[in-house]
Amino acid sequence: MKYTLKGNEALGIEFGSTRIKAVLIDEEFNPIESGGFTWENRLENGYWTYHSDEILTGLQSAYYELNENVKKNTGSYITSLGGIGISAMMHGYLPFDKDDKLLVPFRTWRNTTTAEACARLTKLFNFNIPQRWSISHLYQAVLNKEEHIKDIAFLTTLAGYVHYLLTGEKVLGVGDASGMFPIDSTVNNYDEKMLTLFEELDEIKACPWSIRDILPEVLMAGENAGRLSEEGAKLLDKTGSLMAGIPLCPPEGDAGTGMTATNAVTVRTGNISAGTSIFSMVVLEKGLKNVYEEIDMVTTPAGMPVAMVHCNNCCTDLDYWVNVFADFARRSGSPLSKSEIYDLLYNAALEGESDAGGIVNFNYLSGEPVSDTADGRPMLVRAQGSNFTLANFFRAEIYSTFATLKLGMKILEKEGVKIDKITGHGGLFKTPVVGQKLIASAIKAPVSVMKTAGEGGAWGIALLAAYINEKDLTLEEFLEKKVFASAEATTIEPDENDSKGFDKFIERYEKLLPAERAVYESI
C-alpha cells in the first residue's frame, strides 16, 4: 500500500513465542507496515530459554524488515515517530548484576521448575502465585542456593529488558508487572503487605538486596516511560536514520497487549489469545471468593483486576501434524501451499463428529500447572471403537489446543463470573470460522474475531504507544471511541450439538490425565 510518512506514526514491537513482530500504525490506528523475525525456544540445562544474542538480533531484524518495507513504499527510512512500545511474553526470569550483565540464561514462562517456591508463596500470601511468575523463579533460585543470587541488582521481564536497552529506564507497565509480583489494584503498585511478608522470610533476609530495590517501577498505560536514547536509536536502527528522543509507552506483557488489541479492557469483557500458548483474560466486577491455583490474578494495562487462565501448550503440536501432512503433500507432488493445507485440515474438522469420534489428543510438549502435569508428552489416544477419520482426528487436535483452558474457565463459571463479550486473536483464528466456532461451543459463550486479529499483540502495543499522546481519555474510552468505533468483527454463537460433544471430549480428557502423567514419567 502507498502512504506518506508524517512522523507521528506509532511503532509496536512484540516478542512472541515463535515470532518477533514489528507493526507501524498511522494516525487512524491502521497497520501500514510490518516486519518480523522467527525464533524458537530451546530446552537447555533443564530450562526453556532463548539466547540473549537472539533477543538483539530479533529486535534489529524485525525493525530492519519493517524499515525496508517503508523505504520501498515511501522512498525513505523512518526518522521520527509519535511513540514506540515494546511488549513480550510475560513473566519469566531475567536477573542482572550492577553492570547490567545477565546472570543466568533467560528462563521463560514455559518452565515448570518452581513448584516448591510457588506453593510456599501461595500459602504465605493467600494469593495464587503461578510457577512462571518472576517472583517464583527468584524465590526458587534462593531456595536452590544458586550462586548468582548474591549478585542480583535488577530483575525484569523480557519487555522490560528491551525497553531498558532502548531508554535506560527500569520501568514496567502494570499489566506486565502483575506477572512479576502481585499488584494492589487500589493503588496500582506492588502489594505492600505481600512485599513485607516476602522480606520477612528467613531465606530472603539473608540476601544482600531488597525486593523493593530490584523490581522495576510500575507505570500505567498512557504514562511516559522514557525516551529513545542515542544508544537505543543506534541499537534499534542500523541505518542510523532514526532520531533519538521519541517517547516510549510502558513496556507490557502479551496478555495486556492482547486485551488492548481486542478491546477487552472493560469490566465483563474478555479475550482468548491462542498461539504457541493459550490464555483467557476476563476483567472482573469484583475479586474471586477463593484462591485457585488454576487462576492468575493480574491486571489490564490500566490496572483493572483480571482473572487469567494461562496454559503453556496450544498450537505447537497441531503445527507439527500440519508439517507431516505438508510433507506428504510435497512428496505426492501436490501444489498445495502450507496455508492451504492449514485451511483444508481446519475445515475438515468441522465435518467431524461433535465429540471427535472418541479420539482424545494431548498437546503437551511441556508441563501444565492448570491440569497438574509437571511435564508433557504429546499423546493421541483412541479406543477400539473410535471412528478414526481425518475429520475426527483433526477435530481432536483443535479441541486439544483449548482443552486445558476449559479446565480453568470452569472455575470462573462456578464463581459466577459474568462475561458479556469474548474476543479471540492469535494463530488459531487465522483460518476463518473454525477455531472461533469450536471455542465458542467449548466455553458456551459467543466469540468475536476482529478483522485486525491477525496483527495481534504487536498492534496492541502500537496502540498503547499511540495512547501516550492522548491526554483526556481513559484507555477504555480511547479504545471504544477512537480505535474500535467502526471495527469490523464477526461473532459466532455456541452450537448446542458441538457443546454437548465437547463436554464428552473433555470428560474423556480429564479421565486420561493420569495416563498422560504416566507417559512423561516413563519416557
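## Strands and pockets of a predicted model

Strand 14 and strand 20 run side by side in the parallel sense, joined over 5 bridges. The largest pocket has a volume of about 1200 Å³, while the second largest pocket holds about 510 Å³ of space.

**Around strand 20**

- In the pairing that involves strand 20, Thr 269 is the residue that stands opposite Lys 421 of that strand.
- Strand 20, which spans residues 421–425, is mostly covered, with 4 of its 5 residues buried.
- Strand 20 also pairs with strand 21 (residues 447–450), again in the parallel sense, over 3 bridges, and here Ile 422 stands opposite Val 447 in strand 21.
- Together with helix 14 (residues 434–443), strand 20 and strand 21 make up a β-α-β unit that is right-handed.

- An open sheet is formed by 5 strands in the order 3-2-1-6-13, and its pairing is mixed.
- Strand 3 (31–38) and strand 13 (252–253) each have a single partner strand and stand at the edges, so one side of each is left without a neighbour in the sheet.
- Within this order, strand 1 and strand 2 pair in the antiparallel sense over 6 bridges, and Gly 12 stands opposite Val 23 in strand 2.

**The largest pocket**

- The largest pocket, at about 1200 Å³, is lined by 40 residues, of which Thr 18, Gly 275, Thr 276, Gly 427 and Lys 430 are the closest to its centre.
- Two or more lining residues come from each of strand 1 (10–15), strand 2 (19–25), strand 14 (269–274), helix 11 (316–331), helix 12 (338–349) and helix 15 (456–467).
- Sorted by class, the lining of the largest pocket consists of 18 polar, 12 nonpolar and 10 charged residues.

**The second largest pocket**

- The lining of the second largest pocket has 25 residues, and those nearest its centre are Gln 131, Glu 293, Pro 369, Val 370 and Asp 372.
- At least two residues of this lining are supplied by each of helix 2 (115–125), strand 17 (305–311), helix 13 (390–414) and helix 17 (496–522), and helix 2 gives the largest share, with 4 residues.
- By class, the lining of the second largest pocket divides into 12 nonpolar, 7 polar and 6 charged residues.

Key
Residues numbered from 1 in each chain as written. Predicted model: local features only at pLDDT ≥ 70, side-chain atom pairs only at ≥ 80, totals over all residues. Heavy atoms only, no water. 1 Å grid on protein atoms, 1.4 Å probe; cavity = no way out; pocket = protein on both sides within 12 Å on 5 of 7 lines; lining within 4 Å. Points joined across faces, edges and corners; volume = space filled by probe spheres on them. Nonpolar A, V, L, I, M, F, W, Y, C, P; charged D, E, K, R; others polar. Buried < 20%, exposed > 50% of the residue type's maximum accessible area, 1.4 Å probe, protein only. Pairing = 2+ DSSP bridges. Right-handed = clockwise from strand over helix to strand, strands pointing away.
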